[in-house]
Amino acid sequence: ATLLDGVQNYTHFINLYIPKDFFQPSEIFLNGQPLNMTGHKFVPIKRQGVIEVYGVQVNISGGVQVLGHATMKANIGVLVYGFGSYNSYGYPGGLKLKDLSQGGISLSTHSFHVLGGTPLTVTLESNTLENSSLKCTFKDTDHEVDAEYINKTTAYCISPEFKSAGVVQFTFTIIISNTETFKWRKYVSILPVDQAHEVNVFNDNRSLLLNTAQNITFKWSNDFHPTENEKKGIRVYCMDLTTGEWNICFDVVGNDEINETQESYQLEKLRPPITATYIIPNDTIPVIFTVFVKLKAKKWSGIYFLANKSTTDLILLCNNWFSNANVSDNSSTSLQACPRMKAIIELPNSGFGKDSKFSMLRRVSTTEGYEQMYWNYFHPGSESCYRSIAVNSDGNSQYCCYKEDGELLVEYGGGSAHYSTPNDRDAASIAKHHMNDLQPFIYCCESKNCDRYFLKRPSDDGNDYVRPSPPACVYGDPHLVTLDGYKYTFNGKGEYTLLQTDDDSLTIQGRMEEAPTIRGGSAPATTF
């Protein structure tokens with residue numbers, strides 16, 4: 001854990017040192033993410049010309065950090081440190097010592113889809129799995145599944161469905177004679193629907209907008225566990241635009257209809273079977289696809305948008321939305337403006353945070369296609385996007401996108417004011433964002449009326465951006481920072497007014513006394 005932010009704005013770092021025998025970035029995890037997917041570069045450290053250790057510096061946020069290695073016996077050196085305006089700190093990373101005689105476990109993946117179905121292979125370094133019951137537990141017993149015995153050191157399970165995304169503790173348990181004998185724990189990531197995509201879906205236009213009259217091609221990597229190397233099917237899930245929940249709509253291809261070795265499937269028309277009870281609406285609806293084996297092991301696509309070609313008129317939908325849009329042309333005036341350069345938005349206290357979906361899509365993809373399609377569809381030419389941390393009284397937020405050279409993108413390709421702010425942990429907020437922001441973009445831009453969209457969802461040009469002032473604070477012996485950022489040290493003794501509003505509705509006082517010495521006397525300095 002780092003020192004908590006608050007008394008001043010620290011910049012936090014950890015230095016990791018990994019012996020060459022255990023150096024495999026894909027097996028080193030920080031907060032559930034492999035370090036080889038975060039863009040950090042390890043530096044070889046030599047002794048007499050021979051590499052012995054690899055090191056890396058990682059910039060981290062304040063608070064608790066979870067560091068791990070796929071091999072339990074791996075040695076990792078950790079130094080935690082940070083710098084503030086006047087002070088700094090540093091100490092060796094925390095150690096949680098454990099008896100290593102029972103060996104460790106390795107997981108085939110540390111990322112799991114929030115809707116479940118991710119195959120997981122668990123491998124033990126020692127011990128035996130024979131004559132025992134095996135359990136895979138994700139977070140708690142409500143998310144516990146039986147594991148299948150493969151051989152003496154290998155087991156296999158399929159993740160259950162989760163209610164929300166985030167980092168959870170995974171526990172693998174061996175039970176012998178109804179007694180829990182061994183437990184191993186690791187931290188794993190539960191990925192939101194829009195941050196994992198192992199199945200790519202292509203139409204003739206390579207667009208995220210699909211319709212029922214198009215030829216569709218599905219592609220996936222055929223690396224299911226050997227026990228699941230059987231015939232497959234393809235299913236469509238549709239988003240409920242009220243609750244944000246994903247419900248089964250219909251099977252594109254029934255169970256056991258795709259051969260074991262196939263890694264693609266072409267469909268002439270993406271229409272529900274005649275027997276399906278689901279009816280495609282006359283506008284568009286967010287959908288995801290899954291390639292499944294026995295309805296258990298699954299690979300998932302990213303989010304696409306399905307339209308009924310026979311009835312969908314995008315121009316009409318755009319015009320109707322424009323006439324009834326629940327955000328006025330001046331809605332963005334209460335939102336924080338976008339900085340004109342990316343270098344400014346990445347500074348502390350800029351008021352913005354990087355869109356996690358943007359960064360995750362660039363790290364998690366296991367097949368090519370969806371990532372490029374997504375950003376070329378909604379933000380062509382953008383290199384990174386950021387969302388305002390604060391929202392206005394109506395729940396609107398500002399979204400800013402930047403080109404590779406760091407310049408702000410405006411209008412098509414850039415960001416815009418969003419009526420509904422999505423939260424990965426709130427499915428209903430994601431549904432509102434799709435309904436109020438993404439679908440209108442599809443209606444208008446697909447029908448060559450992007451200008452109408454940006455009249456209701458203005459793209460900020462950065463001219464009005466003012467960087468928020470850092471918070472005023474007092475700390476130490478004693479240091480003070482005023483609301484306008486002025487920093488000074490004051491060793492007065494007594495009670496002082498630190499803050500007072502013009503209308504006297506708020507007053508904050510501070511008492512400063514002489515600092516005691518270890519011998520019971522007083523030092524020639526004061527503290528709060």
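How do H1 and H5 lie to each other, oblique or roughly parallel?

**Ground rules.** I'm working with a predicted model, where local features need pLDDT of at least 70, side-chain atom pairs count only at pLDDT 80 or more, and totals for chains, interfaces and linings use all residues. Residues are numbered from 1 along each chain as its sequence is written, and side-chain values use heavy atoms, leaving out hydrogens and water.

**Two helices.** I looked up helix H1 (residues 314-324) and helix H5 (residues 427-446), which pack at about 130° with axes 7 Å apart. Helices here are DSSP runs of H or I with at least four residues, and strands are E runs of at least two, numbered from the N terminus. Axes are lines fitted to C-alpha atoms, for helices over the stretch in contact, and angles run from 0 to 180 degrees between N-to-C directions. H1 and H5 are therefore oblique to each other; under 35 degrees is roughly parallel, over 145 roughly antiparallel, 65 to 115 roughly perpendicular, and the rest oblique. On the H1 side, Leu314, Leu317, Cys318 and Trp321 make the contact (heavy atoms within 4.5 Å), and H5 brings residues including Asn436, Pro440 and Tyr443.

Next I checked strands S4 (residues 43-47) and S5 (residues 50-60), which pair antiparallel over five bridges; pairing needs at least two DSSP bridges. Val43 sits opposite Gly55 of S5. Two residues lie between the strands, and Gln48 has a positive phi near 55°.

**Salt bridges.** I found eight in the structure, each a side-chain nitrogen of Lys or Arg within 4 Å of a carboxyl oxygen of Asp or Glu. One joins Lys342 and Glu383 at 3.0 Å, N to O. Lys342 is in helix H2 and Glu383 in the loop between helix H4 and strand S28, so the pair ties together parts 41 residues apart in sequence.
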